[in-house]
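Hi everyone, thanks for coming. Let me put the structure up on the screen, and then we can walk through a few places in it together.

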2 protein chains.
Amino acid sequence: MKSTSKGDKTRHGIVSLAADVATARGLEGLTVGDLAKSLRMSKSGLFAHFGSKEELQLAVIERAREQFEQHILPAGVQAEPGLSRLLVLLIAWSDHIEHTPHRGGCFFAAASAEFDDRPGPVRDEIARLTSLWVDRLIREAATAKSLGQLRPRADPRQIAFEVHAFVQEANWAKQLHSDQHAFKRARRAIRACLHREATARGRRSLYVHQPKRIENP
Amino acid sequence: MKSTSKGDKTRHGIVSLAADVATARGLEGLTVGDLAKSLRMSKSGLFAHFGSKEELQLAVIERAREQFEQHILPAGVQAEPGLSRLLVLLIAWSDHIEHTPHRGGCFFAAASAEFDDRPGPVRDEIARLTSLWVDRLIREAATAKSLGQLRPRADPRQIAFEVHAFVQEANWAKQLHSDQHAFKRARRAIRACLHREATARGRRSLYVHQPKRIENP
């Protein structure tokens with residue numbers, strides 16, 4: 001993806017515009033005619049880059065995945081494995097969604113609701129990527145447990161379910177009710193959940209490795 | 001709404017079909033032409049009942065509200081005010097969504113994601129009704145606190161945020177990932193949250209008034 005030929009640039013521009021339209025109008029709301037008009041291209045010119053609407057939808061999802069990974073994964077790499085990394089990843093995710101430039105809020109939340117009952121490659125890819133993220137949270141909680149940072153009875157799947165829920169709820173409350181406190185509530189709930197499930201050793205790791213700059217970039 | 005004239009029956013039939021289509025294809029996916037065809041009516045016959053697509057969308061939302069209230073509110077009336085009622089309402093809500101006949105899962109979750117960035121009367125009504133429900137949960141938690149059922153530091157808004165998140169997360173996980181344990185996890189998280197925030201008196205009220213038949217109808 002390092003090539004910067006003219007064709008790549010055009011393709012990049014199409015996907016950027018499509019991503020913005022998709023968060024506001026849905027992935028099904030993308031029409032090749034409207035996109036071509038906005039970009040002052042012919043429909044056939046646009047079709048030269050994307051053979052079908054579905055291909056364009058998949059490219060938009062791929063772009064969202066790249067942005068997600070760029071914003072969230074580096075923070076995790078810098079943190080210690082286990083509870084510390086789990087917290088850092090969750091705070092980075094929460095910040096990424098809270099400060100998204102898209103009117104539609106979290107791309108994957110909007111896409112999930114739109115496609116959960118539309119079988120096909122687009123739905124499969126949304127399900128695959130969101131599963132990967134939930135699995136990542138479960139795995140990090142399991143690592144924390146194996147490091148003695150979580151109580152013996154702590155359930156990594158249950159913890160991942162709860163903390164993931166808080167960020168999705170915040171996105172919903174901010175998008176629908178313009179609730180400006182929602183993400184603060186989500187972060188409070190995440191910290192309380194991890195603190196509650198942690199051993200004394202786990203609690204120390206929660207406070208030592210908590211980089212301030214990630215919550216307030 | 002007790003009248004059963006022929007016109008009312010026709011209107012009822014239109015809304016029933018529209019509600020089913022809307023949960024699968026979205027409220028914007030409703031087209032008067034397709035509905036008329038399925039019902040073997042003329043488009044103008046259908047327009048005689050609903051002057052516009054927006055009016056039909058609002059009627060579908062009104063139907064969803066009625067179903068929500070029919071399934072959930074009676075359980076609450078039978079329970080003691082405070083923590084007991086809060087738990088009963090949440091379990092009834094969770095059951096209502098888990099066992100919805102609609103392919104699209106929770107009607108209001110799907111409608112929220114579809115309309116959160118489409119200003120107008122439809123979005124306003126979805127926001128109003130979902131706010132009413134969140135407010136109801138906050139109010140019940142506040143009642144519990146005033147009855148000495150919650151710890152002095154318990155925050156009714158934070159509690160409502162968290163328990164509401166669990167049910168929405170379960171709907172998401174079931175719809176997108178076919179997760180058959182999601183609602184069980186949500187109920188486990190709800191009980192744990194209320195138990196944690198409760199005083200000794202509050203905990204007694206949680207266990208005394210928990211009708212088995214509501215969780216396993």
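Let's start with α6(A) and α6(B), which are oblique to each other, oblique being whatever is left once angles under 35 degrees count as roughly parallel, over 145 as roughly antiparallel and 65 to 115 as roughly perpendicular. Before I go on: this is a predicted model, where local features need pLDDT of at least 70 and side-chain atom pairs count only at pLDDT 80 or more, while totals for chains, interfaces and linings use all residues. Residues are numbered from 1 along each chain as its sequence is written, and chains are lettered from A and ligands numbered from 1 in the order in which they are written.

Back to our pair. Residues 107–115 form helix α6 in chain A and also in chain B, and the two pack at an angle of about 125° with their axes 9 Å apart. Helices here are DSSP runs of H or I, at least four residues, numbered from the N terminus; axes are lines fitted to C-alpha atoms over the stretch in contact, with angles from 0 to 180 degrees between N-to-C directions.

Which residues meet? From α6(A) we have Ala109(A), Ala110(A), Ala113(A) and Glu114(A), and they meet Ala109(B), Ala110(B), Ala113(B) and Glu114(B) of α6(B). Contact means C-beta atoms, placed from the backbone, within 7 Å. The residues of this contact are 6 nonpolar, no polar and 2 charged.

Now the whole contact between the chains: chain B puts in 28 residues and chain A puts in 28 residues. On the side of chain B that touches chain A, the elements giving two or more residues are α6, α7 (121–146), α8 (156–177) and α9 (182–197). Of these, α8(B) gives the most, with 12 residues.

Next, α7 of chain A, residues 121–146. Its 26 residues reach 36 Å from first C-alpha to last, close to the 38 Å expected at 1.5 Å a residue, the expected span being 1.5 Å times one less than the number of residues. After α7(A) comes Gly148(A), with a positive phi near 75°.

Last, two positive phi values outside glycine. Ser178(A) has one of about 50°, and sits in the loop between α8 (156–177) and α9 (182–197) of chain A. Ser178(A) is exposed, with 10 other C-beta atoms within 10 Å; exposed means 12 or fewer. Arg40(B), with phi near 55°, lies in the loop between α2 (32–38) and α3 (43–47) of chain B. Arg40(B) also counts as exposed, with 7 C-beta neighbours inside 10 Å.

Methods: A residue is buried if 20 or more other C-beta atoms lie within 10 Å of its own, exposed if 12 or fewer, and partly exposed in between; C-beta atoms are placed from the backbone. Two residues are in contact if their C-beta atoms, placed from the backbone, lie within 7 Å. Ala, Val, Leu, Ile, Met, Phe, Trp, Tyr, Cys and Pro count as nonpolar, Asp, Glu, Lys and Arg as charged, and the others, Gly among them, as polar.
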